[in-house]
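Student: I'm new to this one. Could you take me through a single part of it, the open sheet, in some detail?

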Amino acid sequence: MTLSANLIVIVSLGYVVLLFALAWYVDHTTASGGGAWLRSPIIYTLSLSVYCTAWTFYGAVGSAARNGLEFLTIYFGPTLVFVGWWWFIRKIVRIGRTHRITSIADMISSRYGKSGPLAMMATIVAVVAATPYIALQLQSVTLSFEAIVGGEPGQDAQIAFWTAAGMAAFTILFGTRSLDENERHFGVVAAIAAEAVVKLTALIAIGLLAIFGVSGGFSGILAAPASDLPPLDQVAGPRWMTLLFLSAAAIICLPRQFHVTVVENSSERHLATASWMFPLYLFLISIFVLPIAAAGMISLPSDANPDLFVLTLPLTMGQEELTILAYIGGFSSATSMVIVSTIALSTMVSNHIVAPLSMWLMPVRGHERTGDVLRVLLTTRRIAIVLILGLGYFYFLVSGGSGALASIGLIAFCGVAQFLPALVAGIFWRGATHAGAIWGLVAGFAIWMYTLFLPSFDGAFLLSQATLDEGLWGIGALKPQALAGLEGVDPLVHATVWSLGINTAILVGVSLVTRQSPLERLQSTLFVDVFGSAPAQAMGVVQRSATRGDLFLLAQRTLGLEPALALFRSAARAQGKSGDFPDPSPAFISRLEQELAGSVGAASAHAMMRKTVSGETISTSELMDIADEAAQLVRASQALEAKSLEAERTAEQLRAANERLRALDVLKDEFLSQVSHELRTPMTSICSFAEILRNDPALDDETRQRFAQVIQGESERLTRLLDEILDLNFLEEEGRSIPLTRIDAEDVIESAAEIALAAADRPVRLEWGRRAGSAFVMANADRLSQVFINLISNGIKHNPGPDIEIRIESRIDGDAYLVAVEDNGPGVPEDIRERVFEKFFRGGVSGGAGLGLPISRGILQAFGGTLGLTERASVGASHRGARFVVRLPLSPAP
Amino acid sequence: MSNDKTVGKGKAGVPGQGGAGDQELESGEKALDARKARDAALLLPFAGLILISPPLLAIFTPDVNVFGGPLVAFYLFTVWAVLIVCAFRLARRLKGEREP
């Protein structure tokens, strides 16, 4: 069965008109500020599916029929790259957005010092690599048209020509309407997204037909002999891995893929959605490939072209509508690929080849007109579109449209994969240099041309059949498909290994022995550290000057009058100036250059700026600052962390200090109440006795005498108490400033013992133990004496027994002088031994105010010594006694 | 450094310090979770690559049929679907993420 050619032409034209209408409508809506839905992640993901060209639509089934599961690798590669978006795509998109990248050639040249030659080289590689790919689309449209209408091969060239012409018209209309601020084309993206839906729907419909419509249905396919099924066992091996690698590289490196992924990206968040939705799209589009291939092999004659199963399957089954749907699906895949490819490639050609050339040819001063550069670029883009499609058409004619679709596509994949080393090294390795990138690219490109691209013409173009068979000049080692005698390898694997291997080796090797220019160093830092560095700071690194007039002239020539004015106004506002013209500061010049780069590419923008400004220098110190910035950020965050730890520690100390203060406050209150209590007791008795003396004249003299004695005694006690309190206060406040002299402590003990015994009201037996003889310490004799008197009198006072004994011994222990004062009293229970040194603590019976021991300890501490209390070694059955030990540091002889 | 940090966190989270400490702990846990999601996003493509590369793939090449299709095709599509699901779950966790 065939369908009439007119019907197919009308359907095709109708479909194209719909696309035009959609693109026009969307462009119209977004121009008036609407169309927010166009910036949704779903549209973004659908536009990514421009990856699925006619090669997918027709070629995947053909590939499955010929090579089994191998077709899956073409979708696994992109799946892995998108699933791993956090690694690579995210960084590329961020760089693209930060630096206003317009194409993959722009990206590479911008990274390697905004190099014009590198951009030009990359553009040439991209155009040449895309040529077979575009030819593939033309071929598939031609094949599908012929298959449907049953035309003779003579029509090939004609159909392909009109297809190419139609696509050129669409692209020129919607792809080059303006030098868009960010190279975004909403109309085109909407059309691509619509086509993505069309091709998926068509393929699924044919897939369902293959499963349920073919005679015998699903079980019929299953029952078919293995020879009629796609060979499914050839999955492992070098070709499998090569295809995985190439397709993973292609999803980034193909100019159209870079364009939709990076340049048309309107939000980084869309990547997160695309990271699973795009693989899902690929999954859905692949899942019916095997059933269609199987159904085609079973039900179609064995000489049928497997590349056209998608079309011939419904055709032979008389499914007219499905055939047309399939045809439209294939047409969609082909047109969307061609449109986006030519937009991307024409941008590259006009920015990187025509713009630098036209700069030499541009009119000299005085003849510039508003927007003239803009017009030149737009015109060259239109011409470039026609030329690129022309090249594809030429390839189609020369190669005779004979190869299998998949193998043509893979030639292009291998070609664009030459960008990969420079791209990966560019964003992960700061040391990659311009020389390394350009020589690697040139070498890889040359090897790809020689081993894969030119042989694809089968001797019809440049390389003769003889060269293919015998090698260049008959040298066997130079055989294009067996370099250095590497025979028996799949040509694709062979070309990939050689071209990419040598490309990478040269990139790395040359980078290691060459140096970067300052601008290159700046760019490499900005690219590699894109997540760390602040772009604003980089703006001022390139120091240069220009007049406002010259800058404005440049801006309006390239951007057009209105956008240039708007840009200058906003910059003036940002600088806080009232007029339309900002100061031509280095930062503003850099910003202007970036704006221009968004239209003409980094290399051309830089070259244009160079002609306008004077004295371009890159301040090395600022460059160092930027290079250091990532490290600085790390350091800053570490410093911050350290600071917060420090703050935490300080807070801890403050808390502790606060607690101590609170405790001291409580102590002070206790002390005050103790003191007032202590003062009150003698005061009360003084008052009451004085009152009795005054009010009772009948008292006899003896009683008066006794009362006066009591009053005197209590007054003395009061005075003593106050003295002690003052003492304590003095020790606590100024203990450190007691004047110290070198004295013999032994003498002090003897005189202190005498005084203490004289004051005792009971008989006391003093026993001297072992003596040190003489011990010189730094102390104050009076104060030290006070300590000993206090210790001895305590021993007497607290001993209720009739037979009081005090024993004193002293000795030298290393550089310390030890004195022990022991008594035969009841001793101090262990649990209160430390408390006796507290103020106002009184061990049971009355006596002093309980300040003696704290004062003694304070005095000794002022001398650098200590006062301790232990239990006396047993002296008898019942008496244990207390043992106070004074320890003072010896003073060395002067 | 990281040790000090944990100590600091631990201190702040001492019971009796009130809700602030718990909140801090929770935000710390969240930060750890986000880091785990990032790590997983970095590892996922490599896991996928290993699963569809020759050494592992060879296990599934014998001519065995599952659900009417060859085992290896079934296996490859299953791995693919699992990758998509993993990417979907990770994307939801990483979406709101700002660069640390």
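Tutor: Let's walk through the sheet, then the helices on it, then its charged side chains.

This is a predicted model, so local features need pLDDT of at least 70 and side-chain atom pairs count only at pLDDT 80 or more, while totals for chains, interfaces and linings use all residues. Residues are numbered from 1 along each chain as its sequence is written, chains are lettered from A and ligands numbered from 1 in the order in which they are written, and side-chain values use heavy atoms, with hydrogens and water left out.

For a bit of context, chain A has 34 helices and nine strands; these are DSSP runs numbered from the N terminus, helices being H or I with at least four residues and strands E with at least two. Our part is an open sheet of five strands in chain A, in the order β4-β6-β7-β9-β8, and the pairing is mixed. (Two strands pair if DSSP finds at least two bridges between them.) At the edges stand β4 (764–768) and β8 (866–871) of chain A, each with a single partner strand, so one side of each has no neighbour in the sheet. On average, neighbouring strands are turned by 20° against each other, direction ignored.

Now look inside the sheet. Strands β6 (residues 804–813) and β7 (residues 816–823) of chain A run antiparallel, joined by eight bridges. One residue pair to find there is A:Asp813 with its bridge partner A:Ala816 in β7(A).

Next come the helices. Helix α32 (residues 745–759) of chain A lies across β4, β6 and β7 of chain A, running at about 170° to β4(A). Helix α33 (residues 781–797) of chain A also packs on the sheet, touching β4, β6, β7, β8 and β9 (882–889) of chain A, and its direction makes about 140° with that of β6(A). Here, contact means heavy atoms within 4.5 Å, and the angles run from 0 to 180 degrees between N-to-C directions, with axes fitted to C-alpha atoms, for helices over the stretch in contact.

Finally, the charges. A:Arg807 and A:Glu767 form a salt bridge through their side chains, at 3.0 Å from N to O (the rule is a side-chain nitrogen of Lys or Arg within 4 Å of a carboxyl oxygen of Asp or Glu). A:Arg807 sits in strand β6 of chain A and A:Glu767 in strand β4 of chain A, 40 residues apart. A:Glu767 is partly exposed, at 28% relative accessible area; buried means under 20%, exposed over 50% and partly exposed in between, using a 1.4 Å probe and protein chains only. Through shared partners, salt bridges join A:Arg765, A:Glu767, A:Glu805, A:Arg807, A:Glu809, A:Glu822 and A:Arg883 into one network.
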